[in-house]
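Me: I have a structure open and a few things to ask. Can we go through it piece by piece?

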Amino acid sequence: TYPTNLHSDAYFGKKIAGGAYVSGEGSYILRFGGYYWLFISYGGLTARGGYNIRVFRSTRPEGPYEDRLGHTPFYDTYRLNFNDGVGVRLFGAYRWRPEGEGMVAQGHNSALVDDDGRAYIVYHTRTTAGHEGHYLRVHQQLFLNRDGWLVAAPYRMRGERLARRGLPKKEIVGDYDVILHRL
């Protein structure tokens, strides 16, 4: 039995995220790298709606889940959470200089770990092309950074595979653009 309070409901059971009518949908849990990862889409699902994918982690599937600053995915009062800094932003709007269209409104994802141990993310996105059509994307891999948090490869998967041993230095020397999702 569960008590009925802000984070529990006698009928629905234990809550692990959300509350107070705050945006949050497309939730998904993946076990990877010693943690359970809770993916949540925040924002409005339009090209200008601020839709983005956030992650939280826990050592147990039922939580508690936290982001890297210790914030939980619970909201006890209503507020717009599109860019409020809760959750580690895995995807948000971006555009690479060589490409004409930017990617916006990423969300409503699933994730999986293949038999070879590589983690992938599947989601939909809109673009800056001026319409509300959306596209399905699979990104090659989710990685753990040195702090143990998920980051995603910035380009969609096209069948390529990265070698486990990495690349020779001569193949990675050059100029790079970097995407920093600050919120």
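Me: Let's start with aspartate 116. Is it buried, partly exposed or exposed?

Reply: This is a predicted model, so keep that in mind. Aspartate 116 is partly exposed, because its relative accessible area is 27%, and buried means under 20%.

Me: What does aspartate 116 form a salt bridge with?

Reply: Its partner is arginine 118. The closest N and O atoms are 3.1 Å apart.

Me: And arginine 118, buried or exposed?

Reply: Arginine 118 is buried, with a relative accessible area of 8%. Aspartate 116, in contrast, is partly exposed.

Me: How many salt bridges are there?

Reply: The count comes to 4. Among them is one between the side chains of arginine 60 and glutamate 62, at 3.1 Å from N to O. Another joins arginine 79 to aspartate 84, at 3.0 Å.

Me: How accessible are arginine 60 and glutamate 62?

Reply: Arginine 60 has 40% relative accessibility. Glutamate 62 has 37%. Both count as partly exposed.

Me: What about arginine 79 and aspartate 84?

Reply: Arginine 79 is partly exposed at 39%. Aspartate 84 is partly exposed too, at 26%.

Me: New topic: backbone. Which peptide bond is cis?

Reply: The one from glycine 63 to proline 64 is cis. Its omega is near 10°. Proline 64 sits in the loop between strand E5 (52-58) and strand E6 (88-91).

Me: What is phi at alanine 105?

Reply: Phi there is near 60°. That is a positive value in a residue other than glycine. Histidine 108 also has a positive phi, near 50°.

Me: Where are alanine 105 and histidine 108?

Reply: Alanine 105 lies in strand E7, residues 103-113. Histidine 108 is found in strand E7 as well.

Me: Are they buried or exposed?

Reply: Alanine 105 is buried, with a relative accessible area of 4%. Histidine 108 is partly exposed, at 41%.

Me: Back to strand E5. Where does phenylalanine 56 come in, and is it buried or exposed?

Reply: Phenylalanine 56 is in strand E5. It is buried, because its relative accessible area is 0%.

Me: How far is phenylalanine 56 from arginine 89?

Reply: Their C-alpha atoms are separated by 9.4 Å. Along the chain, the two residues are 33 apart.

Me: Now the surface. Which residues form a nonpolar patch?

Reply: Leu167, Ile172, Val173 and Tyr176 do. Together they have about 440 Å² of accessible area.

Me: Where is leucine 167, and how accessible is it?

Reply: Leucine 167 is in the segment after strand E10 (150-152). Its relative accessible area is 49%, so it is partly exposed; exposed means over 50%.

Me: Last one. What is the volume of the second largest pocket, and what lines it?

Reply: The volume is about 360 Å³. The lining has 10 residues, and those nearest the centre are Trp96, Pro154, Tyr176, Asp177 and Val178. Tyr176 is also in the nonpolar patch.

Me: How many of the lining residues are nonpolar, polar or charged?

Reply: 8 are nonpolar and 2 are charged.

Technical notes: Residues numbered from 1 in each chain as written. Predicted model: local features only at pLDDT ≥ 70, side-chain atom pairs only at ≥ 80, totals over all residues. Heavy atoms only, no water. 1 Å grid on protein atoms, 1.4 Å probe; cavity = no way out; pocket = protein on both sides within 12 Å on 5 of 7 lines; lining within 4 Å. Points joined across faces, edges and corners; volume = space filled by probe spheres on them. Nonpolar A, V, L, I, M, F, W, Y, C, P; charged D, E, K, R; others polar. Patch = residues over 30% accessible without salt bridge, like charges linked within 9 Å, V, L, I, M, F, W, Y side chains within 5 Å. Areas by Shrake-Rupley, 256 points an atom, 1.4 Å probe, with all protein chains shown as cover. Helix = DSSP H or I, 4+ residues; strand = E, 2+ residues; numbered from the N terminus. Buried < 20%, exposed > 50% of the residue type's maximum accessible area, 1.4 Å probe, protein only.
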